[in-house]
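Subject: The structure, and what turned up in it

Hi there,

Here is the structure we talked about passing on to you. Please have a look at it first, and then read the notes below.

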Amino acid sequence: MNFRAPGRADALASAYVLGTLRGRARARFERALRSDTVLADAVRRWEERLIPLAEALPPVAPPVRVWSAILARIRAEGGAPRARGSAWTSLALWRGLALTALAAVLALAVSLLVTAPERREGTLVAVLAAQDAKPVAVASADRAGRSLTVKLIAPVELAANRTLQLWALPEGGNPRPLGLLPASGIVRLTLSSPAEQTLHDVPTLAVSLEPQGGSPTGLPTGPVLFTGPVQRLY
Amino acid sequence: MAADAQVQRNARLMELLARTALADQQAFAELYRLTAPHLYAVALRILREGAAAEEVLQESFVNVWHHAASYVAAKSQPLTWLTSIVRNRCLDRLRRREIDTVTMDDEGEGVNIAAEGPAPLELLLAGADALAVRSCIEALEAGPKQAIALAFYRGLSHSELSRHLKQPLGTVKSWVRRALERLRACLDSLGVTR
């Protein structure tokens, strides 16, 4: 099937989301979706159009056994598949962070990391702050891990068609995109190699304001809003 | 739903998803409590079978537990993301059922639409009302509108639509295609997509 013909991607995406794309065509489309960002984007837009129409369905309480089964399964799998320790999940702590000065934030973040049961020793941390030194986000990664967790500690006001993009600013090289950030909350960005490798030549992280979907050029196109030094706790 | 109540609910669900991504079981339980009745209703409609709907709900939430981190708040609303996961699993089951039971068509009946609760067309109008996009649905002709509603809420395939609506397959396919095109133009003009 040619997903690339003009209008084809969108027509297939609409049938996929509506549910009329069936049989082998559906399976093929789903496979293509995993690697084709144009298709994935078309699907996302159709989901935005159609899925909310399901919200008027009268809710039906599922039997209690469903939740018991879910809980049994995730506990059997270890209960914390990709997680850090529980200290990370305490929202009160994070709220507290937003109120403190930059140095205090870093100290707290470090203490959190130290008390969290780490799989491997060694963590990279960056506290990203605005021009006025107000901390906005904390990024952290296990040195051997392939993901970077970013927590926005102060929500950022964003126009609907803008997004935040995180960059590694290497010494003497072009910025490298690390991923898109939500305006609030937590996101886990996947790295192509272990964090210590990805960031080995990177003294600073930065967040720029970009059009929806991220910078079209692969380099920051909007203003840099926040920056922070990368601290290596090992 | 009032717009600000919806904004508040979405903010709450985003927070719960973020905490679920950090393996917070309490947040995950709360996420389930708030969304499972809606998601179960979605699955029941499409699968028309309690046991299958329960299984899909279970698989979906185990999947959410593992992949909550891949939810990107900037890209979709939390309930839209969750509902899509459940719907896709339901449709995948229907797809496998179709492959497994080739003879289903021979039973003639096959599709029992007269199930409990509001009819798909009523649901479509109610859903559109809630989103303030009723005009887009009303602009569709009766046949295409019915076809879209049955496909979306009941998971009917083109051939099932053809049988149920007593129309040739080609007619039904072009109804669905054209209705989707018109819906896209109308919904986008109302600013539904971000």
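**Notes on the structure**

B:Arg48 counts as partly exposed because 17 C-beta neighbours lie inside 10 Å (20 or more other C-beta atoms within 10 Å of its own make a residue buried, 12 or fewer make it exposed, and partly exposed is in between, with C-beta atoms placed from the backbone). B:Arg48 sits in the loop between α2 and α3 of chain B, and its phi is near 55°, a positive value in a residue other than glycine.

A word on conventions: this is a predicted model, in which local features need pLDDT of at least 70 and side-chain atom pairs count only at pLDDT 80 or more, while totals for chains, interfaces and linings use all residues. Residues are numbered from 1 along each chain as its sequence is written, and chains are lettered from A and ligands numbered from 1 in the order in which they are written.

The model scores ipTM 0.90 and pTM 0.63. Chain B has an average pLDDT of 86, with 89% of the residues scoring at least 70 (pLDDT is the predictor's confidence in each residue, from 0 to 100). Over residues 102-110 of chain B the pLDDT is below 50, and beyond near neighbours in sequence this stretch has four contacts in the model (two residues are in contact if their C-beta atoms, placed from the backbone, lie within 7 Å).

**Chain B**

Chain B has nine helices and zero strands (both are DSSP runs numbered from the N terminus: helices are H or I with at least four residues, strands are E with at least two). Of the 194 residues in chain B, 45% are buried.

Another loop residue to look at is B:Ala23, between α1 and α2 of chain B. Phi of B:Ala23 is near 65°, again positive in a residue other than glycine, and B:Ala23 counts as buried because it has 24 C-beta neighbours inside 10 Å.

Helix α3 of chain B (residues 50-67) has 18 residues and should span 26 Å at 1.5 Å a residue; its end C-alpha atoms are 25 Å apart, which agrees (the expected span is 1.5 Å times one less than the number of residues). Buried residues in α3(B) include B:Ala53, B:Leu57, B:Phe61 and B:Trp65. An α-helix has 3.6 residues a turn, so residues three or four places apart point the same way.

**Where the chains meet**

The contact takes 60 residues from chain B and 49 residues from chain A. On the side of chain B that touches chain A, α2(B) gives the largest share, nine residues. The residues of that side divide into 36 nonpolar, 13 polar and 11 charged (Ala, Val, Leu, Ile, Met, Phe, Trp, Tyr, Cys and Pro count as nonpolar, Asp, Glu, Lys and Arg as charged, and the others, Gly among them, as polar).

The largest nonpolar core has 113 residues, and A:Leu128, A:Ala137, B:Ala43 and B:Leu57 have the most contacts inside it (such a core is a set of buried Ala, Val, Leu, Ile, Met, Phe, Trp, Tyr and Cys residues joined through C-beta atoms within 7 Å). Its largest share, 13 residues, comes from α2(B).

**A hairpin in chain A**

Strands β4 (residues 162-169) and β5 (residues 176-181) of chain A run antiparallel, joined by five bridges (two strands pair if DSSP finds at least two bridges between them). They form a hairpin with six residues between them, and A:Gly172 in the turn has a positive phi of about 60°.

Best wishes
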